[in-house]
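Visitor: I am new to reading protein structures, and I would like to take a close look at one part of this one. Could you pick a strand and walk me through its surroundings, step by step?

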Amino acid sequence: MTQADGSTLNAPDPRRVDTFFPAVKISPSGRVYLSAYAADVVSPWQSCKTFGSPSLSGGNCKTLGPFINNARLDYVVRDLTTNVANTVTAHPINTRYFFRGTFFGDYTDIAVGSDDVFHAFWTDSNNVQTVDWFGGVEWAPGVNVNQQDVVVDSDSF
């Protein structure tokens, strides 16, 4: 991707860059499950140089900034007993939607039943929602944004 200054931005090959907000549970049979966000998809994202009000919205950018490498997230569950991993997100999560990458996803956890089925819980930004009010500020009626949403998945290895 060519930027305004003539330089290019090339996303690196997918690889695990970071994991965070881990949760661990042990089933009654002794299986150990670990879940966490995994930053392993990097894509270009155009930053904002000057923001308008309200400050939480990426949609109110007054002046565009340069493209940056944006690490998008998957939510991954690993059975540490067998070392098998399962990516439970349907699409990588873009944390720059609406929150501009400043805050995202500390609402995560995992539970496991006596049947060794895990139940993962995380926040996601893949669903578009209509917002009229946010943070006490009225937006134009019917603004569609990729807002944080909670997602659950149950599965077993």
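Guide: Happy to; let us take strand β6 and follow what lies around it. One thing to keep in mind from the start is that this is a predicted model.

Begin with the strand itself. Strand β6 covers residues 118-124. Is it mostly covered or mostly uncovered? It is mostly covered, with 5 of its 7 residues buried.

Now look at its partners. On one side there is strand β5, residues 109-112, and the two pair in the antiparallel sense over 4 bridges. You can find two of the facing positions by eye: Asp109 stands opposite Phe121 in β6, and Val112 stands opposite Phe118 in β6. Together β5 and β6 make a hairpin, with 5 residues between them. In that turn, look for Asp116, which has a positive phi of about 65°.

The structure holds 8 aromatic pairs. In one of them, the rings of Tyr33 and Phe118 have their centres 5.9 Å apart and their planes at 50°, so the pair is tilted. This pair links distant parts of the chain: Tyr33 is in strand β2 and Phe118 in strand β6, 85 residues apart. Both Tyr33 and Phe118 are buried.

Compare that with another pair, Tyr75 and Trp122. Their ring centres are 5.1 Å apart and their planes are at 15°, so this pair is stacked. Again distant parts of the chain are linked, with Tyr75 in strand β3 and Trp122 in strand β6, 47 residues apart. Why does Tyr75 count as buried? Its relative accessible area is 0%, and buried means under 20%. Trp122 counts as buried too, because its relative accessibility is 1%.

Those two residues also belong to a wider group. Phe20, Phe21, Tyr37, Tyr75 and Trp122 form one aromatic cluster. Let us follow Phe21, which sits in strand β1. Phe21 is partly exposed, because its relative accessible area is 32%. If you look across from Phe21, you can find Ala36: the two are 15 residues apart in sequence, and 5.5 Å apart in space from C-alpha to C-alpha.

That brings us to the sheet holding β1. Its 4 strands form an open sheet in the order β1-β2-β3-β4, with antiparallel pairing. The edge strands are β1 (18-26) and β4 (84-87), each of which pairs on one side only. From one strand to the next, the twist averages 25°. Strand β1 pairs with strand β2 (residues 32-51) in the antiparallel sense, over 7 bridges. At one of the facing positions, Ile26 stands opposite Val32 in β2.

Ser27 lies in the loop between β1 and β2. With a relative accessible area of 3%, Ser27 is buried. Its side chain makes a polar contact with the side chain of Asp116, at 2.7 Å, and Asp116 is the turn residue of the β5 and β6 hairpin. Leaving aside neighbours within four places in sequence, Ser27 is in contact with Val112, Gly113 and Asp116.

Definitions and conventions: Residues numbered from 1 in each chain as written. Predicted model: local features only at pLDDT ≥ 70, side-chain atom pairs only at ≥ 80, totals over all residues. Heavy atoms only, no water. Pairing = 2+ DSSP bridges. Axes fitted to C-alpha atoms, helices over the stretch in contact; angles between N-to-C directions. Buried < 20%, exposed > 50% of the residue type's maximum accessible area, 1.4 Å probe, protein only. Phe/Tyr/Trp six-rings, centres within 6.5 Å; stacked < 30°, edge-to-face > 60°. Polar contact = N/O pair within 3.5 Å; in protein donor to acceptor, adjacent residues only side chain to side chain. Contact = heavy atoms within 4.5 Å.
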